[in-house]
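I opened my notebook to write down, one entry at a time, what I looked up in this structure. Each entry starts from a place in the chain and stays with what can be found there.

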Amino acid sequence: EDSMISTFRLVQFVFLVGCALTFLSLQKVELQELDFASARSLRLKHEQFKMALAESRPLSNEKEKTGIIDKYSVDGGNLEKDDSIEAAPESVAHDQESLLLNVSFYVYEDLLWMDRANVGDFSLEDWMRVRKVKHTDDYWFAKAALRHPMRTLNPEEAQLFVVPTMINEISDQLVWIRRGLCIGRTCDVKLLEHADEYLAQSKWFQRNQGRDHVVVGSHYIAHKIMQPFLNLAKCNVIGFEDQRWNDPTRLTLPSTYVGRGCPLKPKTHDFALVASMKDRQTHQRRANICAWLQDEKSYTVTTCGEGDQCPALSNAKFGWHVPGDTLGSQRLMDTILSGTVPIFTRTGQYDILPPWIDWDLISFYVDSDTPTAFFWNLGQVTGDETAYRYKLSQIHRNRNMFDWTTLAPFDTYMYVIARHVVPWYQTKANATRYNVLRLDRTENIKDPDEFVSCGNHEVPHCGLCAPGGREFLCSGQCRWCEFGAFEADISFRPADRCVPKGAICRPPDNLLVQPDDIVYDTEGWESSPIVLQEYKLIFFTTAKVACTTWKQLFRRMMGYENWFVEGTEDYLPWNPQTNGLKYLNNYDRAAATEMMTSPEWTRAIFLRDPKERLLSAFLDKVKKEPEVVLNTCCYWERDCISSGTTFHEFTRLAFQCQNEHWTPQRKRMEEKYWPYINFVGYMDSIAKDSRELLEKIGAWKEYGATGWGEDRTKAIFHSQAGSAGRMHATSARDRLKQYYTPDTELEVEEFYREDYMNPYTKLIPNRIFEKVKY
């Protein structure tokens, strides 16, 4: 009997195993027959289940002791206990009761590129681990969307829609990195074209014309790259500071940058200022603060200027938030995430941050305009230990609000947008433990009663009427003030030129140099002229007019031992941020005006026949380095040039798309400056003219007469093109007839008419073909 029972059980076990294997094989066949979207949905549900399971596990005792939990941070798990402060409260990043958003949203899976895209040899996921983090909020926003509990896989149920395109990453690829964000052979702007066309075909997008859609495009160059994409522009945008590139009737919310904190440490110093220190006017405030702190011995400083962020930030009680190229900075987020209290230094820095965060709760402000105001304010800050400890405790309590790798930033932005898209009774906020949030401020970001009319559209304030200085967009309840307005009205900012109609415009001052002038520009490499104060020389370099050799010469005159290098990783000698040269925009406008008008100064420029210069640009920037043309003229069609592009085809493109390498030389500066140019040299006679200039300022014998050429024994410009550090010289003059035709010569001369007609330069065209008459 026992034997029969054993046999029966064995047969029963074999039968059950067979059934299980049959079931699994059927499931496998069924999964193989599913379409791609369904398989992706099944995988997504499985990932959500694993995520939910992981989040349900109890906290480790070690993390409970620190009181700070950072499960999804890049540096997660490396936080060290800081015995100098009270234990921070328990993290609420994944506490359902702390999330505000309570309406469902849908993520466009067909536009979800994270698991399919590559950057060069990296997958996008791997690339995000090695690149700088400050403009990666598009990536982390999409990641958070995938794990938020209000996400629905059914668009019928959604009240909001997330468009997970990687606009920031594509912007970085186009401007700096140039590896290309690709899915197969579709890269960069072509991906944006695909996304824009996809939205045009989406019934969910067409239902409200994108009014309930959200996209992140917070790179500083996004407002230029996104101009052609009309459907993406109909979305609500999380953008860069106070820039707007989307439809004025949609929301543009300022991003905060993505930060990366240091491990928490005991506070051993008073201050840290970790930032780039560029030799330009916009960075002068940073240099001032470092100099003032260095002179004041009663304060201790970990780092002031360039240097390693960690542990400098986490060892300091206070971290300086000082403007650079713009009012904002990634360092504010780095400081907060490092458990350090930030100090703001310009009131305008608050204006470009999300208004629903109570920044006063977690920061101090110090007036940094003058040393007297600076030290008086600083004494008030450092003397109030109670205020410091309170703000520090609030930073720890609200830390995840500033950590893009948690759900909190995504949840808050989506809630703010929901308040203006979804009926108010459906968006009542859950209770939140983030007391830095001012929920009352989320309700008035787009209050129709507080909107102003620009004439054809409405915006929260006049300063948003005319993005990019488009004066014609500033009308209705607003007016255009070329030099800004008097600050009697708090409804506009000092930098605004489109202001409320009742504001009083500022008259132009009597200074020659104005903030928006080309010669005072801080972005272009060939915009502001070079200043050699010792020689009282202002030199206007011009692209494709021996500008490389001129910069090498000026670096030699300033004593740099590596003056002759070219094409280094930091773009010596061209890059104003690294070449160590002084530029006119490094001086205040009064000093710049004095230098530009004083008879004691030499103001020089060298010019080149436009026909020769245009051909040089073609040989260099199309045949050798096409990235310049691709990034200038091919934002939207990456195949607008190729190795087979002819010179005639390039001229058609150059006439339509301007770049400093072929823009008419008369546009090198505003017309008002040309009368002050008192030395004009020419490429045709550059050896003779350069000697004349250097003799005039007393620099010929020491710097011009020798030291040039491959053997460093020749005079400047007395060697063949290609020697003396000339890596990309093109010898264009010797090849004019090879590329020009009589018709092309006439067309180019007509295009550069203003160069030939400039009365201050006397530029005479070199004839290529005898029958051409100009």
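**Entry 1**

I began with tyrosine 257, which lies in the loop between strand E9 (252–254) and strand E10 (269–274); helices (H or I, at least four residues) and strands (E, at least two) are DSSP runs, numbered from the N terminus. I noted that this is a predicted model, in which local features need pLDDT of at least 70, side-chain atom pairs count only at pLDDT 80 or more, and totals for chains, interfaces and linings use all residues. Residues are numbered from 1 along each chain as its sequence is written, and side-chain values use heavy atoms, with hydrogens and water left out.

I looked up phi because most residues other than glycine have a negative phi, and most peptide bonds are trans. Tyrosine 257 has a positive phi near 70°, and it is buried, with a relative accessible area of 9% (buried means under 20% relative accessible area, exposed over 50%, partly exposed in between, with a 1.4 Å probe and protein chains only). Lysine 536, also not a glycine, has a positive phi of about 50°; I found it in the loop between strand E19 (530–532) and strand E20 (537–540), where it counts as partly exposed at 33% relative accessibility.

**Entry 1: two cis peptide bonds**

I then turned to omega and found a cis peptide bond between cysteine 310 and proline 311, with omega about 5°; proline 311 is in the loop between E11 and E12. Leucine 572 is likewise joined to proline 573 by a cis bond, with omega near 0°, and proline 573 has its place in the loop between helix H16 (547–557) and strand E21 (582–583).

**Entry 2: a pair of helices**

At what angle do H10 and H13 pack? I found about 65° for helix H10 (residues 284–295) and helix H13 (residues 371–382), with their axes 11 Å apart; axes are lines fitted to C-alpha atoms, for helices over the stretch in contact, and angles run from 0 to 180 degrees between N-to-C directions. On the H10 side I listed Ile289, Trp292 and Leu293, which meet Pro371, Phe374, Phe375 and Leu378 of H13, contact meaning heavy atoms within 4.5 Å. The residues of this contact divide into seven nonpolar, no polar and no charged (Ala, Val, Leu, Ile, Met, Phe, Trp, Tyr, Cys and Pro count as nonpolar, Asp, Glu, Lys and Arg as charged, and the others, Gly among them, as polar).

**Entry 3: serine 368**

Is serine 368 buried or exposed? I found that serine 368, in the loop between strand E14 (364–365) and H13, is buried, with a relative accessible area of 2%. Not counting residues up to four places away in sequence, serine 368 touches Arg285, Ile289, Trp292, Thr345 and Phe374. Its side chain reaches the backbone oxygen of threonine 345 at 3.1 Å.

Lysine 317 lies in strand E12 (residues 316–321) and is buried, with a relative accessible area of 18%. Among the residues that lysine 317 touches, I wrote down Asp270, Glu385 and Tyr388. Lysine 297, in the loop between H10 and strand E11 (301–305), counts as exposed at 69% relative accessibility, and a polar atom of its side chain lies 3.0 Å from the backbone oxygen of glutamine 294.

Technical notes
Polar contact = N/O pair within 3.5 Å; in protein donor to acceptor, adjacent residues only side chain to side chain.
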